[in-house]
Amino acid sequence: MIHRLTILPEEICVPVREGETILSAICRAGFTYRFGCRRGGCAVCKVRVLAGDVAYERPIDASLVSEQEGAGGIRLSCRAVPTSDVVIALQSDDHLTIVNPWVSKLEQSFQ
Ligand code: FES
């Protein structure tokens, strides 16, 4: 099943394949944003999940996302896999950048 991922503040929507992480879906769709290790070790890729559900298919180190952050919807996007349509907000000082304009237009045309 494909889920729909909406990224704020740009309000860009990208498809998420079964088992795909938020980070992988955004990069596959031709965009990038601030991230680091891509494997749950640095916490640079934090996003806030505003709507919908995500799951961690691998455990994450509890020290990377505090209990308070977790309660506020903060997740590691390199590990969080949407299990429904999801709306996320990037960190306030971060933004989407188009890496591949052709791919990003193609991905969005399937929405
Ligand atoms: S990129 Fe390092 S924890 Fe996600």
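This is a predicted model: local features need pLDDT of at least 70, side-chain atom pairs count only at pLDDT 80 or more; totals for chains, interfaces and linings use all residues.
**Thr83**

Skipping neighbours within four places in sequence, I found Thr83 in contact with His3, Asp53, Val54 and Ala55. I then checked where Thr83 sits, and its place is the loop between β7 and β8, the latter covering 86-89. Is Thr83 buried, exposed or partly exposed? I put it down as partly exposed, because its relative accessibility is 45%.

**Arg79**

Next I went to Arg79, in the loop that joins β6 (74-76) to β7 (80-82). What does Arg79 touch, leaving aside neighbours within four places in sequence? My list reads Thr21, Arg39, Gly40, Ala55, Tyr56, Glu57, Arg58 and Ile60. Ala55 was already in my notes as a contact of Thr83, and here it turns up with Arg79.

I looked for a charged partner and came back without one: Arg79 is buried but has no salt bridge. Which side chain of opposite charge is nearest to Arg79? That is Glu57, and it is 8.9 Å away. A salt bridge needs the nitrogen within 4 Å of a carboxyl oxygen, so I left that pair off my list.

**Salt bridges**

I then went through the charged pairs. Side chains of opposite charge can pair when their charged atoms come close. How many salt bridges does the structure hold? I got three.

In one of them, the side chains of Glu20 and Arg28 meet at 2.8 Å, N to O. I noted Glu20 as buried because its relative accessible area is 11%.

Another joins Arg34 to Asp93, with the closest N and O atoms 3.0 Å apart. This pair links distant parts of the chain, 59 residues apart: Arg34 is in the loop between β3 and β4, and Asp93 is in the loop between β8 and β9 (97-98). I also checked how open each partner is. Arg34 counts as partly exposed because its relative accessibility is 31%, whereas Asp93 counts as exposed at 56%.

I also wrote down Glu69 with Lys46, where the closest N and O atoms are 3.0 Å apart. Glu69 belongs to helix α2 (residues 67-71) and Lys46 to strand β4, so the pair ties together parts 23 residues apart in sequence. Here Glu69 is partly exposed, at 27% relative accessibility, while Lys46 is buried, with a relative accessible area of 17%.

Which peptide bond did I mark as cis? It is the one from Leu8 to Pro9, with omega near 10°. Pro9 lies in the loop between β1 (3-8) and β2 (12-16).

I also marked positive phi values in residues other than glycine. Arg38 has phi near 65°, and Ala43 has phi near 70°. I found Arg38 in the loop between β3 (31-32) and β4 (46-51), and Ala43 is in the loop between β3 and β4 too. How open are they? Arg38 is partly exposed, with a relative accessible area of 41%. Ala43 is buried, and its relative accessible area is 17%.

**Whole chain**

Last, I stepped back to the whole chain. I counted three helices and nine strands. Along the sequence they run β-β-α-β-β-β-α-β-β-β-β-α. The radius of gyration is 13 Å, close to the 13 Å that the globule rule gives for 111 residues, so the chain is as compact as a globular protein of that length. For the overall box, I noted that the C-alpha atoms fill roughly 40 × 30 × 20 Å along the principal axes.

What share of the 111 residues is buried? I wrote down 41%. The accessible surface comes to about 6100 Å², and 52% of it belongs to carbon and sulfur atoms. Finally, I looked at contacts between residues at least 6 apart in sequence: 68% of them join residues at least 24 apart.

Technical notes: Residues are numbered from 1 along each chain as its sequence is written. Side-chain values use heavy atoms; hydrogens and water are left out. Helices (H or I, at least four residues) and strands (E, at least two) are DSSP runs, numbered from the N terminus. Buried means under 20% relative accessible area, exposed over 50%, partly exposed in between (1.4 Å probe, protein chains only). Lys and Arg count as positive and Asp and Glu as negative; His and the chain ends are not counted. Contact means heavy atoms within 4.5 Å. The radius of gyration is taken over C-alpha atoms; the globule rule is 2.2 Å times the number of residues to the power 0.38. Accessible areas come from the Shrake-Rupley method with a 1.4 Å probe; for residues, only the protein chains shown count as cover.
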